[in-house]
Amino acid sequence: RGARHPLGADGRQAGLPVGGGAMSDLSLPSLVTVAHGTRRAGGNEIARQITRGAGVALGVEATAAYVELSEPLLADVVAGLESPAVVVPLLLSTGFHVRTDLPRACAGGPVVLGRPLGPDPLLAAAQVARLVAAGIEPGRPLMLVAAGSTDPVAWRDLRAASHLLADAWGTKVRTATLGGLG
């Protein structure tokens, strides 16, 4: 690995310029998270709490946005940005929102769009921890249920998430969807 920039960037984080370009050596991009959004206030509040915590941990300004069903919408947040930002989807896999809606909302803005959170072994470990905390005996049969998508890449991610959970749980995990492929 090459030498690290004094602010921590090494040229690979989110594709942001190191030591110049659109940012000065002393500025960091703000953080914008984007969750799906829900009509339930509690679900949206969780996204805001995650965003606040990440902003504090990173020492940057942080804003929670949503794809739909809640405000502020990502497109509105991006349109109001006056300085560079990194957009982090609080979504668990690839799908229509990640491949179509988010790039459209970010187009023309001073942003770099990150990947969805999963599939990832850390998410599988968190799922196992929650199952154990709920009193489920490790190794018992599980079914991973997702909303579903007609996007083959989303289906690939769902299968990968199921395999990661199976590895972490110690037994096969069946997969089901509410719609789309599957």
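D157 is buried, with a relative accessible area of 5%, where buried means under 20% relative accessible area, exposed means over 50% and partly exposed means in between, computed with a 1.4 Å probe and protein chains only. The structure is a predicted model, in which local features need pLDDT of at least 70 and side-chain atom pairs count only at pLDDT 80 or more, while totals for chains, interfaces and linings use all residues. Residues are numbered from 1 along each chain as its sequence is written, and side-chain values use heavy atoms, with hydrogens and water left out.

The place of D157 is in helix α5, residues 152–169; helices (H or I, at least four residues) and strands (E, at least two) are taken as DSSP runs and numbered from the N terminus. Leaving aside residues up to four places away in sequence, D157 touches S93, T94, G118 and P119, a contact being defined by heavy atoms within 4.5 Å. Two of these partners, G118 and P119, are joined by a cis peptide bond with omega near 0°, and P119 is placed in the loop between β4 (111–113) and α4 (121–133).

A cis peptide bond also joins E71 and P72, with omega about 5°, and P72 is in the loop between β2 (62–66) and α2. The loop between β2 and α2 also holds L69, a residue that is not a glycine and yet has a positive phi of about 70°; L69 is partly exposed, at a relative accessible area of 40%. Helix α2 itself covers residues 74–79 and contains D76, which is exposed with a relative accessible area of 52%. D76 and C106 are 30 residues apart in sequence, and their C-alpha atoms are 9.6 Å apart in space.

In overall terms, the protein has 5 helices and 6 strands, and from the N terminus on its elements run β-α-β-α-β-α-β-α-β-α-β. Of its 182 residues, 32% count as buried. Among the contacts with a separation of 6 or more, 69% are between residues 24 or more positions apart. The accessible surface comes to about 10,900 Å², of which 57% belongs to carbon and sulfur atoms; such areas come from the Shrake-Rupley method with a 1.4 Å probe, and for residues only the protein chains shown count as cover.

Helix α5 takes part in a right-handed β-α-β unit together with β5 and β6, right-handed meaning that, with the strands pointing away from the viewer, the path from the first strand over the helix to the second runs clockwise. Strand β5 (residues 142–146) and β6 pair in the parallel sense over 5 bridges, where pairing requires that DSSP finds at least two bridges between two strands. A146 has T177 as its bridge partner in β6. L178 lies in the segment after β6 (173–177) and is exposed, with a relative accessible area of 72%. With M143 and V145, L178 forms a nonpolar patch on the surface, whose accessible area together is about 330 Å². Patches are made of residues with over 30% relative accessible area and no salt bridge, like charges being joined within 9 Å and nonpolar side chains (Val, Leu, Ile, Met, Phe, Trp, Tyr) within 5 Å.

The structure holds 5 salt bridges, each being a side-chain nitrogen of Lys or Arg within 4 Å of a carboxyl oxygen of Asp or Glu. The table gives some of them.

| Salt bridge | N to O distance |
|---|---|
| R48 and E45 | 3.0 Å |
| R99 and D151 | 2.9 Å |
| D101 and R104 | 3.8 Å |

R99 is partly exposed at a relative accessible area of 48%, whereas D151 counts as buried at 12% relative accessibility. By contrast, D101 and R104 both lie in helix α3, 3 residues apart, about one turn of the helix, and R104 counts as exposed at 57% relative accessibility. R48 and E45 both lie in helix α1 (residues 41–58), again 3 residues apart, about one turn of the helix. R48 is partly exposed at 28% relative accessibility, and E45 is partly exposed at a relative accessible area of 26%. Both residues belong to a network of salt bridges that links E45, R48 and R52.
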